[in-house]
Amino acid sequence: MALALQTFATVKDANAALKAAGTRYLGGGTLVVRAANEGDVSVSSLIRSTEPSLSTIAVAGGKVRIGASVTMAAIAGHPELGTLAKAARAVGGPAIRNMATVGGNLFAPSPYGDFAVALLALDATVSTDDGETPIETFLANRGGSRVVVTSVSFTLPKADSFRFLKVSRVKPKGVSVLSIAGALELSSDGSVTSARIALGCMADRPMRARAAEKALIGRTLTADGIAPALAAAGDGTSPITDPIASAWYRAEVLPVHLGRLLLA
């Protein structure tokens with residue numbers, strides 16, 4: 001079956017084209033093109049847009065806006081996004097990072113979408129032509145989305161407040177066993193005043209570790225201080241089973257790697 005490719009100069013026109021049956025939006029193509037090549041007959045036409053704003057990164061006043069077509073390679077090499085470089089470099093090897101986009105990462109099913117885990121920890125906002133949506137709400141409803149994501153926005157974290165860890169069997173570019181991102185704020189005495197912890201592969205999409213977050217408040221980042229958070233890390237999770245790892249294994253190793261992230 002022939003696969004058509006339609007290119008539009010504006011997101012508005014691309015959104016209009018996406019209303020047709022059998023259409024999918026093409027970002028970097030690392031997932032949708034592979035699915036089509038493997039025989040996904042539900043896709044008959046790929047839609048893309050060349051609107052310039054989709055490929056821009058803006059950093060000003062501590063705020064960051066990243067266009068949905070910006071690649072992981074561009075983020076990893078941006079001089080003002082050093083705190084996010086580790087998360088961007090966790091996405092595949094160099095060839096994949098040159099193609100994989102921010103927008104595509106938001107829709108990638110587990111065990112993919114490591115950068116979306118980082119964005120969830122950063123409390124990012126997802127923008128479309130319809131407006132802005134908190135990333136947690138967007139991820140919860142992404143299965144029914146038929147509009148083009150235009151950008152993500154968030155407050156640039158301090159280097160010592162954001163942490164990211166990817167666990168894989170094949171290093172450095174293997175598919176995730178799990179990924180963890182944390183945005184923490186500490187008081188002058190070293191106790192945690194706020195915490196956002198996001199998990200990848202512990203559900204069918206990135207999720208918050210709310211019980212662990214709550215258990216960290218008022219505690220110090222020591223082995224004893226984080227023990228309640230590690231005990232609660234798996235609460236509310238529903239790990240996936242795939243050829244990389246079983247749900248049981250992911251649940252077992254989550255507290256181990258969360259502990260390493262928090263004590264780093």
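I began with the second largest pocket and asked which element gives the largest share of its lining; S10 does, with 4 residues. I note here that the model is a predicted one.

**Second largest pocket.** I looked up its volume, which comes to about 400 Å³, and then its lining, which is made up of 17 residues, with Pro 157, Ser 161, Ala 183, Leu 184 and Glu 185 lying nearest the centre. Both S10 and strand S11 (192-200) supply at least two residues of this lining. Sorting the lining residues by class, I found 8 nonpolar, 3 polar and 6 charged.

**From S10 to its partner.** I followed strand S10 (residues 176-186) to strand S9, with which S10 pairs in the antiparallel sense over 7 bridges. As a reference point in this pairing I wrote down Lys 166, which stands opposite Ser 179 in S10.

**Burial of S9.** Is S9 covered on one side or on both faces? I checked each side in turn: Phe 162, Phe 164, Lys 166 and Ser 168 are buried on one, and Arg 163, Leu 165 and Val 167 are buried on the other, so both faces are covered. Since 7 of the 7 residues of S9 (residues 162-168) are buried, I recorded the strand as largely enclosed by the rest of the structure.

**Helix H10.** I next listed the buried residues of helix H10 (residues 223-232), and these are Gly 225, Ile 226, Ala 229 and Ala 232. Viewed down the helix axis, the buried residues of H10 fall within an arc of 105°, and therefore they line one face of the helix. On the face of H10 turned away from the buried side I found the exposed residues Ala 223, Asp 224 and Ala 231. I also asked what covers the buried residues of H10, and the answer includes helix H9 (210-216) and helix H11 (247-263).

Methods:
Residues are numbered from 1 along each chain as its sequence is written. This is a predicted model: local features need pLDDT of at least 70, side-chain atom pairs count only at pLDDT 80 or more; totals for chains, interfaces and linings use all residues. Side-chain values use heavy atoms; hydrogens and water are left out. Buried means under 20% relative accessible area, exposed over 50%, partly exposed in between (1.4 Å probe, protein chains only). Two strands pair if DSSP finds at least two bridges between them. The arc is that of the directions from the helix axis to the C-beta atoms. Contact means heavy atoms within 4.5 Å. On a 1 Å grid over the protein atoms alone, a cavity is a set of points where a 1.4 Å probe fits but cannot get out, and a pocket is an open set with protein on both sides within 12 Å along at least five of seven lines; lining residues have an atom within 4 Å of a point. Grid points are joined across faces, edges and corners, and a volume is the space filled by probe spheres set on the points. Ala, Val, Leu, Ile, Met, Phe, Trp, Tyr, Cys and Pro count as nonpolar, Asp, Glu, Lys and Arg as charged, and the others, Gly among them, as polar.
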